[in-house]
Every structure is written in C-alpha cells, then in structure tokens.
Amino acid sequence: MSTETSAGIHSPVDVLVIGAGPSGAVVAHTAAAAGLSVLVLEQGDWVNPSDFPANHPEWELLIQHDWSHDPNVRRLPSDYPVDVSESDMWPVMFNAVGGSSIFYGAEWPRLVPSDFRVKTVDGVSDDWPISYDDLKPYHDEVDAFIGVSGVDGDTAYPDGLQYPLPPNPLGKAGIKAAEAANTLGWHWWPGTNAIASQKFKTLEQCGRWGTCEWGCPQGAKASFDLIYLPQAQQLGAKIVTGARVRKVRTDEHTGLATGAEYLDREGAVQFQPAGTVVLCANGVGTPRLLLLSADERHPNGLANSSDLVGRNLMLHPNCSALGFYEEPLESWRGPAGQLIHSLQFYESDPARGFVRGSKMHVLPTPGPLNAIEAHRQLDFEELWGPQIHNAARRAQNGILWAGQVEDLPELDNRVTLSPDLVDSDGLPAPKVEYRLSENTWANLRFTLNRLVELHEAAGAASILTQEIWVDQPGHLLGTARMGNDAATSVVDSFGKTHDVDNLYIADGSIFVTSGSANPTCTISALALRVAKNLVDDVAARKVNA
Amino acid sequence: MTSHVDRAITSGRLSVPPRSTRPPRSLTDTELHALLRVADCLIPASGPNPKASAADQYTSFLELALAARTDVFDVVVDGANKLADVAEEDLWEALKTMSVEDKFTFDPLSSVLAGAYFMTPQVMKLIGYPGQHRDPAPLELAAEEIGSGILDPVLDRGFIYVSANGE
C-alpha cells in the first residue's frame, strides 16, 4: 500500500519513530534489529564533532548565543520557541539527530530502588508500575551497547552494578572533591559517564576536552547520533532530517494511528504512513505533538482521555556552589561529565523537613570567560579593574559542585499550546507553566548548604553560590506518565498509550516521578523496554491481520 | 502570533549555526578607539598582566569576539560609543553605573572585550590556561587514582540505599 500526498508517495513502514534523540535511537535500532522497517522523522539535521564551538578559540563567546543551550536564545532553524512567560524555569533542548544528547553531559546514574516507590516509601506522589529490578536488565543491555565508563559496585545501589568500560580519571579536581567528602564521612563515587574511556565501537576515546555540554569535538561522548543510530542505519532504519511533525493521524473507524504528517525543509506537507507510531520527542515536544493532534474524535488532544497529557512536568532544578582554590587543579580538563558524584542526601530524611533528596556531582570549570561570567554576582570593583586578572586565573583552580534535586509531579506544572507564539512553520509553540514548590525550594536550599560544606571541607579560598539555575533544565519529564490505570496515566508500563493501541511513547514523558539522577540513562533503558515490547506487539498484529 | 525564526531563509544546515571570523562590518577608527578605551578601563595593566589594548594581537581577537557575538554587535559598538565623551577620570564610574542600570548593554560589551583579551595567546599563557584541547588520559591513570585507597572509606561504610522491595 502507498499513500499519495501533495509532495509525493511514501511507502508505509512498520515503525515510525518521531524524534532522533536517545529514546528514538534505541527504539529505531531495536525495531530494525527485529527485522521491521523503520523510519525516523527528525526536525533537525546531523551535527559533526568538527562543528562544535570548542574547536574554535572564541568558544566561550559562541556558547553565549549561537550554541546556547536555550532554543529561545539560539534560534536555529531546527528549533521551535518555548513560551516560558509563566514559568519559574526555562526548559532547554537541542533539535538535531542525537537530540539533546548532543549537549548533555553524559552523566549516567540510574534511579535507585526507592525512586520507583515514592508513594510507598514517602507517602507522596505515586509509585511506578515497574521496579528497579524490572528495569535493571534493560539498563545493563544499554550500558553494554554504548560503553558506559564507571567503577563497579556503587554503594548507593544494590549489589550488581557493573560497567563495561573502566572509569575516566577523577583528575585533580575530582580527587580534591572526593577528599572533602571523605573528611565529612559522606558517600561519593567515581563518575559514571556515557563517555568512552577507551575507543569503543563508533566512539573515540575521551580526549578530556572538558566541553561535553556544548558538544564533544572528539566524538567520544555517547550522543545518540554517534551510537545506536549508526547501528540502526546499518540494519536498514532510515532517518529523514528536516522533518517537523505536526500531527499524528488516526483512523476514524478503528481509532488506530495511521502515520504522521510533517513539513519538510521546503515547507511542503508530507504524510508518512505506518503500522506503529512511537513518540520520542522529549517531555516538551511529545505532549505538544499530542495536543497538536487534536481532532473531532480527540478534541482534548490525542491519547488524552485522562487529561494528563502535558501535566506533571518535572524539570530537576539545579543549584550549585563554585569553589576556587589556591592550588592548580587543571580545571579546564574534562570529562564534564561528572568527575565524581555523591548520593549522600539522595534518600528522604524526615529530619530535613522535606521529602526526597538530591544528587550532587562535580564538574570542571573550563574557560576564563566562563569564570568571569560566574563572578558577575559580585560587586563591580570585585570583578573589573585589576581584579579581573585574578578572576580569570581562578578558572584553572575551580571545582563546580552542582546539586540536582527531585521535583515531585504536580498537575499544574504543565505543557500546553501557546496562544501567542508559533514556530517557523506556524505551529503553536509549547507553553511551559512551571512553579517551584515549597518542598523543592527546601530541598534546593538544603542541598546548596551541603555543597558549600563540601567546599569548606576542601579549603576553598572563595565560593560563589547559585540557588537555582533558571535556564538550564534539560531534563524534561513526566508529561505523559506511565501507569496501570487509564484514568490516572497516559501510557502503560510498556509505553503504549491507553487510548490508541498502536501509539507508543518512549521518552522522558513517561516518568512517574523524577528521582534526582540524570535521566538519559533511565530514558534509554525505558526506551529499550518499550521497543522490545512493541516489536512483540507488531509481530502479534501481523499474525492477526 | 509571534514567529521564531524562518526556516526557509537558511539554505544550509538546520542544527549548526554558521561560523564567521569577521564582524558584520568593519569598525571605524572612532569605534575601535571607543572600544579599546572601555577595554583598558575594565582590564587595566596589573603586575605582569598588560592592559587590554596592549595585549599582543588584541585588536585581531576583538574582531573575532565581535564576529562570535554578531547578535549584539550594534549593542556593543553603540555602548562603547555612548561613553566616548565621558572624561577619562569619569569612565570607571560611568561603566559602574552602566553595569547596574543598563545590563543589556554592559554585559555583552564587557563579555566581548574580556573574551577577546583572554583569547590572546600572551594572556592565556599568563593566566595558565592552555585552552580546550585534546588531551586523552593515560589508560592507567584512573586505576592509579582509585588504587590509592581514596575510595576505601566509602566502601567501608557499605551500602546506603533504601530497599524498596523491588530490587
């Protein structure tokens, strides 16, 4: 069967993946490996390691605008605007093959067992419909595929945590920070990163450029354009770039998804028919697309009978303490990536006056101009004039302790369609409404005090604190949560929407709670679980057809 | 409705901004003089550190810095020009006032001027910054670090996770 469109004829595929980020890459590879025909639609295009700003001497200026994390600043042709007029934080993402993994730090911690049982353990929010143990084999498989580097046996997790590659070095900054944690008697562990410490498949060995969060010039970071997608292509999966999806279509009689409409680079409307549709467009893009897909049969948006599409947005607020030391720490050196992490305050403690906790991690502080920007909170005379030379020198002696706190799901923290803002194709932009709760603020303040304590224990000469990073949350979670009850969730535990039998979601939208671990590790494992199950579903449908 | 960016205007790449090493236009002598004057006020000589305009190749790197921030080229140039008539002895206070009252000018102006200064090889060497570069670790380094026993106190305390009966 073929479908004629205004711009041509497209053959139907077994599996249509929307979004070429981490979850889309895992789904595409898994489905292609099972012998299914797979097509991935991506609104951005390919980025080469040689493109990234760290290749150039002016890199610290390039990341302020042209390569900014924030699409509202960067405004590349692949980007869509995000309406943050009513939000305490400004979510960020990158739109390209590889998705936001182009810019992620590749910190690779798993959720801990209690993250899946927040209701049971802490009496708040909800439990996940799956457990730590349910997800562990999928984690292990993803880790082995992409070559995660780490030290086995982290004591913040149950026994059995192992990594395929040896760790990246702690470096002088990591050792200094670890010694402070030892002084305080706190947990720490060498950084677990999806950054290859040795050459691995399609990844190079880490070159310690230190600029992981603005793209890896070495091609060593496991961004999913470099790992999973190349292997998916070898298995026959096709990737169409410059394809901005505007609607998932459904059959008016069966209710099943029939494919997706998209706008190509020239703005022409295309329709790609498919037997199964998988949304992998991140926790902002996926609910936006479901809401854009409203029609007479689904006036509230597709897969939204629960009215939960877009709700329960979680963003992992971050705080930080930037410490500068007297001795040289070679703080330009990567990976960044986490040098170490601490889960000392990850779990709830009633004595703290709030529930859940935070993950703390250490990063290097590359670049003198970045250090100067961090010093802008000081008085004019403390930064400019003769003092500027000292501020720039301090960059080489810096340690950044960042704290990432768990924010609990709330119905009014949500993604809707902006009434005022549209993208370059005239499609309504997503509108983010997000307010920090008292619990989150208490968690942030507690965590920030612990970060300062770590610097003090290490003998920092000066410390600059930031209570919240307003423009940094790239962790977009919870807006199409999973669950067993169709009235209180959007998808089941295998990512299948309750309302549309052949429509799946495999990105961070399906998180029930956020934990405080960097989520791409969990997103990827969940995507693998979703993909393996949908492969079985597709096979069953073919038998029944 | 407010639009974002026109996809159709770019014939090239969707996810990679074009890089330019030249500003949108050449600076006039007056504009260059105004920028260098502000740069020297914000970044004066101190000990072994030269003032901004005295750093080797500063003007070349200033052009590269302006090229990297074409989005604020006019703001930066106009910001310096506005201060051209301020007397030398009053410039520090004028910049201080601008930093408080007009951050939208002062922040990019000072970023570009400082960014150019710290790109010059002479100053990078002076502050001990080698620039971001490929520097793969020796394979045995991480093992040596951890083999030092630094992780032993953590291991000695044992597991700290909370069991949730699912693991």
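## A buried pair

F116(A) and W128(A) are both buried. Keep in mind that this is a predicted model. The two rings make an edge-to-face aromatic pair, with 5.0 Å from centre to centre and 65° between the planes. F116(A) belongs to the loop between β5 and α4 of chain A, while W128(A) is in the loop between α4 and α5 (132-146), so this pair ties together parts that are 12 residues apart in sequence.

## The wider count

How many aromatic pairs are there over all chains? The count comes to 17. Take W67(A) and F103(A): their ring centres are 6.4 Å apart and their planes sit at 50°, so we call this pair tilted. W67(A) is found in the loop between α2 (59-62) and α3 (71-74) of chain A, and F103(A) in the loop between β5 (83-87) and α4 (118-122) of chain A, so the pair ties together parts 36 residues apart in sequence.

Are these two buried or exposed? W67(A) has a relative accessibility of 3%, so it counts as buried. F103(A) is buried as well, at 8% relative accessible area.

## Charges over rings

Which ring does R249(A) lie over? That would be F271(A), with R249(A) over its face at 4.0 Å from the ring centre. There's also R529(A), whose charged end sits over the ring of F494(A), 4.0 Å from the centre.

Notes:
Residues numbered from 1 in each chain as written. Chains lettered and ligands numbered in written order. Predicted model: local features only at pLDDT ≥ 70, side-chain atom pairs only at ≥ 80, totals over all residues. Heavy atoms only, no water. Phe/Tyr/Trp six-rings, centres within 6.5 Å; stacked < 30°, edge-to-face > 60°. Helix = DSSP H or I, 4+ residues; strand = E, 2+ residues; numbered from the N terminus. Buried < 20%, exposed > 50% of the residue type's maximum accessible area, 1.4 Å probe, protein only. Lys NZ or Arg CZ within 6 Å of the ring centre and 35° of its normal.
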